[in-house]
Amino acid sequence: MPPAPSRTHIATVTAIVVVAGAMTVGHAAATPGCSAPVVLGAQFQIASCLDDLTTAGTVATGHTVPADWAGLHPAGARNPSGVPGTQIDGYFPDNSTTNTNNGWNHDSQFVIRLPEHWNGGLVVTGSPGNRRQYANDFVISDWVLAQGYAFAATDKGNTGADFFRDDVAPGDAMAEWNSRVTELTVAAQATVAQRYGRPPAHTYMAGLSNGGYLVRWQLENAPWLYDGGVDWEGALWTDVDNLLAVLPRAIANYPESQSNPAARDAIVAAGFDAESQPLWEYHDKTYWELTQRIYRQEFDPTYVGADADYDYASRPRAVHDAVARIALTGRIQRPLLTIHGTLDTLLPIGRDSDVYAAMIRDQGRADLHRYYRIEGGNHVDGLYDIHPALLRPLLPCFHAAFAALESWTAAGQPPPPNATVPRTDAGDPANSCALGD
């Protein structure tokens, strides 16, 4: 992994623009004769002029990878389509190779979409989990493109369950996530200015899970690049509240929790809502142990015990110092809207966004923040289709939050007050959400 690029470095690297012929479906395909701006700092890029930049079109043309965004939205979600424009795919200099998208075997891949009918704005995202650059295509890109925004996304510089191997020192891989988002934002703003003849009037950051963490970090540490952001259940990293301090208790107690009230109580005491118990088996098989292992290897590679026995608080000072490198403070400097589901069974709300909202208040920044606790929301919306009587999708609540951010930053209209949004079966939960009166 190369050193994190500075703003000066980002601004002075000369891009190498490659014009390629059509590629096979499933890979980004350049359109012969399609002109596009040079992406500042890119090592490689190709341009494609498309009739539809949304997933309704890009799935068929090979300009997205559906596996990147699988499971993040409910089956009944309806997205807009029919947005013509230019897509630029490429990558920034990097020496790691976990991202196999487009057959490039190269990390720091990005996608920038420039709609033909531009509204003057730009939305930047980083991928959730350890997914790749197309992960937000259905849940964010489609919707903001239809509003007229340019869109940019990055794979964060490393991907997959072995992302932690992109390290020289513990914490390097996650630190790269933040520098790669900054790198992309600077490049995307310059690309938009080249394409439309003026810089974006508003740049917003948006993201889900690890992507929400990136929103928080950028608004704390690089606020000059953004007008605001929407944080969709962002991962919280502090020296006290982080997933390494939460997940081991769930992993250790789940096997007995079905029959032992004390084990169930221990999982609840770790922060998980008792009502989320029907989701525990799925998360135990799919999320908890894998997530604990890969982040423990990122920050504490010398630990040799079982993950169920891991005790973050007692680990050596070097582990806590590694977390401190990427930790959040609550010192946001631009407007931020947070949504988080009360039944999040990976990042429990009481150990995550409830804490982050308090951190923001403690920093005296509450006037820049709105926080919406969504009753029945889980970490990913795909489980709504299996548990419709228990859950509600957060995707339409993200749309509502983004619209509220627009009104707040562009028209000076304050969003609804902080609230717990009650779960409802009325109407169309997969496509509607009201944050307040």
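Leaving aside residues up to four places away in sequence, Asn105 touches Thr97, Asn99 and Thr100, a contact being heavy atoms within 4.5 Å.

The model is a predicted one, in which local features need pLDDT of at least 70 and side-chain atom pairs count only at pLDDT 80 or more, whereas totals for chains, interfaces and linings use all residues. Residues are numbered from 1 along each chain as its sequence is written, and side-chain values use heavy atoms, with hydrogens and water left out.

Taken as a whole, the chain contains 12 helices and 10 strands, and its C-alpha atoms fill a box of roughly 65 × 50 × 45 Å along the principal axes. A compact globule of 437 residues would have a radius of gyration near 22 Å, and the 21 Å of the chain agrees with this; the radius is taken over C-alpha atoms, and the globule rule is 2.2 Å times the number of residues to the power 0.38. Of the 437 residues, 58% count as buried, and among contacts with a separation of 6 or more, 75% are made by residues 24 or more positions apart. The chain exposes about 15700 Å², of which carbon and sulfur atoms supply 53%, as computed by the Shrake-Rupley method with a 1.4 Å probe, where for residues only the protein chains shown count as cover.

The next topic is charge. The structure holds 17 salt bridges, each defined as a side-chain nitrogen of Lys or Arg within 4 Å of a carboxyl oxygen of Asp or Glu. One of them joins the side chains of Arg216 and Asp231, with 2.7 Å from N to O. Since Arg216 lies in helix α6 (residues 210-221) and Asp231 in strand β7 (residues 228-232), the pair ties together parts that are 15 residues apart in sequence. Arg216 and Asp231 are both buried. Arg216 also forms a salt bridge with Asp352, the closest N and O atoms being 3.3 Å apart. Here the partner Asp352 lies in the loop between β8 (336-341) and α11 (353-362), so the pair ties together helix α6 and a part that is 136 residues away in sequence. Asp352 is buried, as is Arg216.

A further salt bridge links Asp300 to Arg315, with the closest N and O atoms 2.6 Å apart. Both residues lie in the loop between α9 (280-299) and α10 (317-324), so this pair ties together parts that are 15 residues apart in sequence. Asp300 is buried, because its relative accessible area is 2%. Elsewhere, salt bridges that share partners join Asp94, Glu176, Arg180 and Glu183 into one network.

After α11 comes Gly364, whose phi is positive, near 75 degrees.

Two loop residues complete the tour. Thr54, in the loop between β1 (44-50) and α2 (55-61), counts as buried because its relative accessibility is 0%, and apart from residues up to four places away in sequence it touches Pro80, Ser81, Gly82, Val83 and Asp142. Ala306, in the loop between α9 and α10, is partly exposed, with a relative accessible area of 39%, and its C-alpha atom is separated by 9.2 Å from that of Pro248, which is 58 residues away along the chain.

Definitions and conventions. Helices (H or I, at least four residues) and strands (E, at least two) are DSSP runs, numbered from the N terminus. Buried means under 20% relative accessible area, exposed over 50%, partly exposed in between (1.4 Å probe, protein chains only).
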